[in-house]
Amino acid sequence: MGRLSLRLRVFLFFALLAGGALLISAGGLLFAGLRAEPALPAAPLMTAFVLFAFLNTALVLGVWLLFDENVAKPIIRLSADMRVRARGDVSGPIEAESARHLGDLAPALSDLSGTARATLQDVAAEVARETAQLGSEHARLTALLTEIPIATILLNPAQEIVLYDAQAAEILSVIAPPRLKAPVSDYLETREIEAAMARLGEGGAGLVTFTLSVGANRLQARLKALGGDGHLIFVDAPDALSPAIEARPLVFDFDLMDIAEPCALGETPLRDLCFVVLDLETTGLSVERDAIVQMAAVRALGGALVAGEELNTFVDPRRPIPPSATSASVT
């Protein structure tokens, strides 16, 4: 019964009433005929039963039509209206004329819809204000860290990069393009960092100074523990260390501080994967005659693109890359 529509269930209810009345009337006439002395003729009883069945069915059908038109249909319309308002941007009062026989139900739903809409608008406005404030604070923090001549790198407990600023990007780019969630061992000498961590744990000092190797350069660095949440590395950024790179904002993702247990790739949600989206523009669709004239790539982490971690390069059309060299070029 739960799978049936409201109108069908109402119809079955009235049909049950009509059928029950016919059974009761038939039973009553049969009982009267059997108990009568002398026996009553069957023809008048059958005529009475047929007449009652016709009138009873007409009465029940008429009441059902009135109920269906004034109760069942308005309820369905109100339900559809509320569902549309819940899932879409619909304003205005609910039409109460068609539901006038439902008492105060339509005005009550209209008041509820207006209150819910006002609450959603207030929440949306508050979220917009908070988002704007966070964006402003992020811009100020980025500008502040960019002006300080100290490179800042934040590591999670797995020694993966969670945050790096513009100065850190310049230092890391000596080895490879900087990227979030990359092991710090891809860029820096881990034995120097681990030795500094050991000194930090033994002496209990809040800050340990050590020398950090970046390629052929030796830089002064400081290490600070963040309890069980990883470590901060501060490096004295020289005036010129790496080749000129594009201006890069402060890049971070604090969700990387929580280290999740690794699971099978097929069972990992897409938002938890780190991947690169690669796009190649070619002179045509043939892998034999056409060549690559542009390569672009963006890095996605945590279901969002990482600012600054992207590639967009044009190839000299006079010397395009043949398709056979695509893999080597991307590598």
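The chat below goes through a helix and some loop residues of a predicted model.

Reader: Before we start, what should I keep in mind about numbering and confidence?
Author: Residues are numbered from 1 along each chain as its sequence is written, and side-chain values use heavy atoms, leaving out hydrogens and water. As the model is predicted, local features need pLDDT of at least 70 and side-chain atom pairs count only at pLDDT 80 or more, while totals for chains, interfaces and linings use all residues.

Reader: OK, helix 2 then: where does it bend?
Author: The bend is at Asp68 and comes to about 40 degrees, taken as the angle between axes fitted to the seven residues ending there and the seven starting there. Helices here are DSSP runs of H or I with at least four residues, and strands are E runs of at least two, numbered from the N terminus.

Reader: And which residues of helix 2 are buried?
Author: Among them are Trp64, Asp68, Val71 and Leu78, where buried means under 20% relative accessible area, exposed over 50% and partly exposed in between, with a 1.4 Å probe and protein chains only.

Reader: Switching to Leu250, where does it lie?
Author: Leu250 is in the loop between strand 5 (231–236) and strand 6 (251–252), and Leu250 is buried, at a relative accessible area of 5%.

Reader: What about the phi of Lys181?
Author: Lys181 is not a glycine, yet its phi is positive, about 65 degrees; Lys181 sits in the loop between helix 4 (166–172) and helix 5 (190–203).
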